[in-house]
Amino acid sequence: MLNALGVIVSGRLVQTDFQQINESHFLINIPDADNVNHVVVFLTGTAPFPEGMAGGVYFSWPDPNAPPNWQLLGYISNLKPSAIFKISQLKKLDEIAGQNAMMSNVFGSNLPISHIAQIGVSIEPETALIQQTPATTTSSTYYQFGQKILENFFNFVSSFSVTQTQMAPNFNETYVPLSTLQTWYTNFERRLQQNPNFWKN
């Protein structure tokens, strides 16, 4: 399978220089990954996966102080020989400890600390891969959930807004300008788009 896998990063040459970790696990480095939004992982056509097997595609952002932290992107198979994955939202998803521990065992926890992103392909039963939830799906769900909360909160608070002339004097009440809430909403939404998990830090 070593020459059967390839990666495309937009604007770059095709990469096929996967390293073989063991019989069913392969690794490739992605330099300058901070500028990468999407990657395509594909079968080159030189060899198919064994019957009933597929390639789980895992991604690890560089952490100069820790071993690779693997996140499932999805999979490729003989019937789906290529797939495009959005990786820009995964930069801060390093809290997925359970998946990381599992993949550290698969790819080897003794891999050297990396300063560049890595893609790992693990040959696994296709039925098992289909049932797993990719990190990108989790990220998208967090973003949608956070956005709905933002909208609900903003709409609720806005429904109580009054102008200064409509305000009845109440010295026991504290008031916040609606423009302050709008600024917070805009900033929160921007941070949520950059990293749906920033609120976990």
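This is a predicted model: local features need pLDDT of at least 70, side-chain atom pairs count only at pLDDT 80 or more; totals for chains, interfaces and linings use all residues.
1. Start with the overall layout. You'll find eight strands and four helices in the protein chain, and along the sequence they come in the order β-β-β-β-β-β-β-α-β-α-α-α.

2. Next, the chain as a whole. Of its 201 residues, 38% are buried. If you take contacts between residues at least 6 apart in sequence, 73% of them join residues at least 24 apart. The accessible surface is about 11800 Å², with 55% of that belonging to carbon and sulfur atoms.

3. Strand β4 (residues 38-43) is a handy landmark. It pairs with β1 (residues 5-9) in the antiparallel sense, over five bridges, and V7 sits opposite V41 there. β4 is also joined to β7 (residues 82-86) by five bridges, again antiparallel, with V40 opposite I84.

4. Now the inside. The largest nonpolar core holds 25 residues, and L5, V7, I30, V41 and I119 have the most contacts within it. At least two residues each come from β1, β3 (25-30), β4, β5 (53-60), β6 (71-76), β7 and β8 (117-125). The largest share is from β8, with four residues.

5. V41 is worth a click. Leaving out residues up to four places away in sequence, V41 touches G6, V7, V57, I76, P81, S82, A83, F85, I119 and V121. Two of those names, V7 and I119, also turn up with V41 among the core residues with the most contacts.

Notes. Residues are numbered from 1 along each chain as its sequence is written. Side-chain values use heavy atoms; hydrogens and water are left out. Buried means under 20% relative accessible area, exposed over 50%, partly exposed in between (1.4 Å probe, protein chains only). Contact means heavy atoms within 4.5 Å. Accessible areas come from the Shrake-Rupley method with a 1.4 Å probe; for residues, only the protein chains shown count as cover. Two strands pair if DSSP finds at least two bridges between them. A nonpolar core is a set of buried Ala, Val, Leu, Ile, Met, Phe, Trp, Tyr and Cys residues joined through side-chain atoms within 4.5 Å.
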